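Reader: I am new to this one. Can you walk me through the structure, one question at a time?

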Amino acid sequence: MQKILYIRLPCNPIFPLGVVYLSDHVHKLFPEVEQRIFDLGTVPPLDFASALDACIDEFQPTLLVFSWRDIQIYAPVGGRGGNPLQNSFEFFYSWNPLLKLRGAFGLLRLAISYYSELWRNRGLISRGLKRAQKYQQDVRAIVGGGAVSVFYEQLGKELPAGTIISVGEGEALLEKVLRNQDFRDERCFVVGEATPRSRLIHEWPTPIQ
Ligand code: B12
């Protein structure tokens, strides 16, 4: 019996549309498949790892679907890492050394929050996979979502071997994985097995009836 755990990786509290679409599609085709959505956007940061462990221990999934919404976290004015536009102007153009220093610290803070989010999410994917392997040796991880569709080439070098990296809509891919069909013609690639096809993002998605 298949058990799918959808893990929405941490981001601002914004409705997890992507995993809701995916689980709805799966439910219509495979009503017998057990599914659960675990939204790390609703969990306090200090509890990310322990809450993920507890959810996996309880549900013991056979398929892990990680949804990663955004990586490029800086908005021109006031993204969640700080305010890049103001910091850049202060650092590069201000004549006042104190303002220049403030801009420099702001930019440093931005870079730190960007890299720490990247490392944290990669860590959560590896952690989740290892934890789930305690219960199901052949559990598989699939990673997709808006951020992955933009940065799939870079992520290919960062995630555990065997992870399926999905670009764009994931419905058709999940369907093939659940049917045990070959899925490599979908917009995806497997880490450690292949590099992404050139212009993968420009391929047409499989039409859904
Ligand atoms: C609408 C939107 C917003 C709205 C959201 C409104 C709302 N209440 O939901 C607003 C304006 C608030 C917004 C804000 C931001 N956004 Co925005 N947004 C979008 C947009 C246009 C659509 C997202 C959406 O809801 N799609 C519909 C749902 C159903 O699709 P989905 O979530 O992508 O899920 C599908 C697939 O991704 C896939 N999928 C998802 N997860 C998984 C997992 C697996 C395993 C698989 C196989 C498939 C899969 O299947 C799903 C169903 O087909 C996308 C661009 C785009 N065209 O996708 C950018 C996009 C998601 N946003 C992006 C960014 C960066 C942001 C901001 C961080 C901007 C900023 N710097 O502040 C903020 C942060 C938001 C936050 N988390 O706080 C980037 C993320 C990638 C990146 N560059 O890092 C995107 C991709 C735009 C881009 N091309 O750069 N955004």
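This is a predicted model: local features need pLDDT of at least 70, side-chain atom pairs count only at pLDDT 80 or more; totals for chains, interfaces and linings use all residues.

Reader: How many helices and strands does the protein chain have, and what pattern do they follow?
Author: The secondary structure comes to six helices and six strands. Read along the sequence, the pattern is β-α-β-α-β-α-α-β-α-β-α-β.

Reader: What share of the protein chain counts as buried?
Author: The C-alpha trace spans about 65 × 40 × 30 Å along its principal axes. The chain has 209 residues. Of these, the share that counts as buried is 29%.

Reader: What percentage of contacts between residues at least 6 apart in sequence join residues at least 24 apart?
Author: Take the contacts in the protein chain between residues at least 6 apart in sequence. The part that joins residues at least 24 apart is 65%.

Reader: How do α1 and α6 lie to each other: parallel, perpendicular or oblique?
Author: Two packed helices are described by the angle between their axes and the distance between the axes. For α1 and α6 the axes are 10 Å apart, at an angle of about 45°. The two helices are therefore oblique.

Reader: Which residues of α6 make the contact with α1, and is the crossing left-handed or right-handed?
Author: α1 brings Leu 22, His 25, Val 26 and Leu 29, and α6 brings Glu 171, Leu 174, Glu 175 and Leu 178. By class, the contact has five nonpolar, one polar and two charged residues. α1 passes α6 in a crossing that is right-handed.

Reader: Is α2 parallel or perpendicular to α4?
Author: The axes of α2 and α4 are 10 Å apart. They pack at an angle of about 30°. Angles under 35 degrees count as roughly parallel. So α2 and α4 are roughly parallel.

Reader: How many charged residues are in the contact of α2 with α4?
Author: From α2 come Phe 48, Ala 49, Leu 52, Asp 53 and Ile 56. From α4 come Leu 124, Arg 127, Gly 128, Arg 131 and Ala 132. Six residues of the contact are nonpolar and one is polar. The charged residues number three.

Reader: At what angle do α3 and α4 cross, and what does that make them?
Author: Helix α3 covers residues 84-93 and helix α4 residues 97-133. Their axes come within 7 Å and cross at roughly 140°. That makes α3 oblique to α4.

Reader: Is the crossing of α3 with α4 left-handed or right-handed?
Author: The contact uses Pro 84, Asn 87, Ser 88, Glu 90 and Phe 91 of α3. Among the residues of α4 in the contact are Leu 99, Lys 100 and Leu 110. The residues of the contact divide into six nonpolar, four polar and three charged. The crossing is left-handed.

Reader: Is Ser 113 buried or partly exposed?
Author: Ser 113 is found in helix α4. A buried residue needs 20 or more other C-beta atoms within 10 Å. Ser 113 has 16, so it counts as partly exposed.

Reader: How far is Ser 113 from Leu 22 in space?
Author: In sequence, Ser 113 and Leu 22 are 91 residues apart. In space, C-alpha to C-alpha, they are apart by 29 Å.

Reader: What is the phi of Gln 60, and where is this residue?
Author: Most residues other than glycine have a negative phi. Gln 60 is not a glycine, yet its phi is positive, about 50°. Its place is in the loop between α2 (48-59) and β3.

Reader: Is Arg 199 buried or exposed?
Author: Arg 199 is found in the segment after β6 (188-190). Its phi is also positive, near 60°. Within 10 Å lie 7 other C-beta atoms, so Arg 199 is exposed.

Note on methods
Residues are numbered from 1 along each chain as its sequence is written. Axes are lines fitted to C-alpha atoms, for helices over the stretch in contact, and angles run from 0 to 180 degrees between N-to-C directions. Helices (H or I, at least four residues) and strands (E, at least two) are DSSP runs, numbered from the N terminus. Angles under 35 degrees count as roughly parallel, over 145 as roughly antiparallel, 65 to 115 as roughly perpendicular and the rest as oblique. A crossing is left-handed if the near helix is turned anticlockwise from the far one by less than a right angle, and right-handed if clockwise. Two residues are in contact if their C-beta atoms, placed from the backbone, lie within 7 Å. Ala, Val, Leu, Ile, Met, Phe, Trp, Tyr, Cys and Pro count as nonpolar, Asp, Glu, Lys and Arg as charged, and the others, Gly among them, as polar. A residue is buried if 20 or more other C-beta atoms lie within 10 Å of its own, exposed if 12 or fewer, and partly exposed in between; C-beta atoms are placed from the backbone.
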